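Please look over the structure below. The report that follows takes up selected elements of its chains.

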Amino acid sequence: MSSERTHRDGESWAKPVERLEVAGVQPGSSGINVAGRRPTSPVQGFGRMWQKTYRVRLLGADVTPQQVIAVWKRDFPSFWPKNNRFFAPLAGIQPGEVAVLDLGMPGGMKLSTGVLVMYADDESFTLMTPQGHMFAGWITFSAYEDGGVTVAQAHVLMRASDPIYEMGMTFGGHKQEDRHWEHTLQSLAQAFGVDGHVVSEMVCVDRSRQWGNAGNVWHNSGIRSGIHMATAPARFAAKPFRRG
Amino acid sequence: MTEATVSMDVRTPDESVSVIDIEGEITAACEPILMDAYGRASGDRTRCVILNFTGLEYMNSSGIGLLVTLLVRANRNRQRLMAYGLTDHYRQIFELTRLDEAIGIHSDEAGALAAAA
């Protein structure tokens, strides 16, 4: 039994990567702020550490946890709220694959970042954030059976990446994130014909801030995306003069 | 959720060092067992907690999340967290998740105890 479990485990984890590479994602993304970035865990983050859990019971749906995860992986972008786009890897949600995200921000701004698929098996998958993402950490999407009902769950373990994001999370960012995952789980439930009620729990695991990581602001994808948008006209004007 | 299939024993080779021997699987289901073991391992004089992964059979991403939570608790108590007995596969997972930057990894117990001294 031991060797079988180890084997399954071995195929489920991504190989270590020093820096992310973007290749083979669906077209249409700006694709900035991902290539060359290091993946981050909560250890490398700045802000308070939060553990957030969002659950929906798929009451009345005749579906196994494995079937839920298969659909969630396959149609992951379709469950997201409008103005947020997930450019999935062409290979699908598989360990080691990188996806690109364009997230809608207040004021019509767009934040471009990405995620690494850190872990994926039949019952769960985990996305890990790169430097510059709003938070350092990972999100595990899983499904399990509880009292004869299949439950879908998103579990976030995170610290805001830098002081600017920490301020943003404090003043509305957490609520925006709650709405994002509640919408996602409701959409997933609807895919199985269930009008699900999402239950969320939020626990502050560590109230202290890691000031040694304040320098993460250098990679802030929000700032870099803003600069990228602001300089778009200049890049467009310069296009005819570029070689090649 | 699935039931925990892990056991954890605590040893104290030194009044300032505790070792948690892990046998089985580390998943979300083992949270109460891991936290109970840490509670037994963490005394007033404990300055280092060493995780013995020699008997680790399986760990998923929820399990690695538990180790992050454990690290926070240890840091709060001004304790160092160390590990030994990881196979190459699990060493790679520590590298991937960058937990190796916060948890000292050693090849055997003697190495971990020497580092804790």
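## Helix α4 of chain A

This is a predicted model. The face of α4(A) turned away from its buried side carries A:Ile227 and A:Ala230, both exposed. The helix covers residues 221-230. Its buried residues are A:Ser221, A:Gly222 and A:Ser225. Viewed down the axis of α4(A), the buried residues fall within an arc of 100°, so they line one face of the helix.

What lies over that buried side? The cover of the buried residues of α4(A) includes β5(A), residues 110-120.

Of the 11 residues of β5(A), 10 are buried, so the strand is largely enclosed by the rest of the structure. The cut-off behind the word "buried" is 20 or more other C-beta atoms within 10 Å.

Strand β4(A), residues 98-104, runs antiparallel to β5(A), and seven bridges join the two. In this pairing A:Gly104 stands opposite A:Lys110 of β5(A). The hairpin of β4(A) and β5(A) has five residues between the strands. In that hairpin A:Gly107 takes a positive phi near 80°.

β5(A) also pairs with β6(A), residues 124-130. These strands run antiparallel too, with four bridges between them. Here A:Val117 stands opposite A:Leu127 in β6(A). A hairpin of three residues joins β5(A) to β6(A). Strands of a sheet pair through backbone hydrogen bonds, either parallel or antiparallel.

## Two non-glycine residues with positive phi

A:Asn83 is not a glycine, yet its phi is positive, about 70°. Where does A:Asn83 lie? It sits in the loop between α2(A), residues 65-74, and β3(A), residues 84-87. Is A:Asn83 buried or exposed? A:Asn83 counts as exposed, because it has 11 C-beta neighbours inside 10 Å. The cut-off for an exposed residue is 12 or fewer.

B:Arg98 is not a glycine either, and has a positive phi of about 60°. B:Arg98 is placed in the loop between α3(B), residues 88-96, and β5(B), residues 104-106. With 18 other C-beta atoms within 10 Å, B:Arg98 is partly exposed.

## The sheet of chain B

In chain B, five strands form an open sheet. The order is β1-β2-β3-β4-β5, and the pairing is mixed. β1(B), residues 6-14, and β5(B) stand at the edges. Each has a single partner strand, so one side of each is left without a neighbour in the sheet. From one strand to the next, the twist averages 25°.

How many bridges join β1(B) to β2(B)? Seven bridges join β1(B) to β2(B), residues 17-26, and the two run antiparallel. One of the bridge pairs sets B:Asp14 against B:Val17 in β2(B).

## Helices on the sheet of chain B

Which strands does α3(B) lie across? α3(B) lies across β3(B), residues 48-59, and β5(B). Its direction is at about 115° to β3(B).

Helix α4(B), residues 109-116, packs on the sheet as well. α4(B) touches β1, β2, β3, β4 and β5 of chain B. The direction of α4(B) makes about 160° with that of β4(B), residues 80-84.

Notes. Residues numbered from 1 in each chain as written. Chains lettered and ligands numbered in written order. Predicted model: local features only at pLDDT ≥ 70, side-chain atom pairs only at ≥ 80, totals over all residues. Arc of directions from axis to C-beta. Contact = placed C-beta atoms within 7 Å. Pairing = 2+ DSSP bridges. Axes fitted to C-alpha atoms, helices over the stretch in contact; angles between N-to-C directions.
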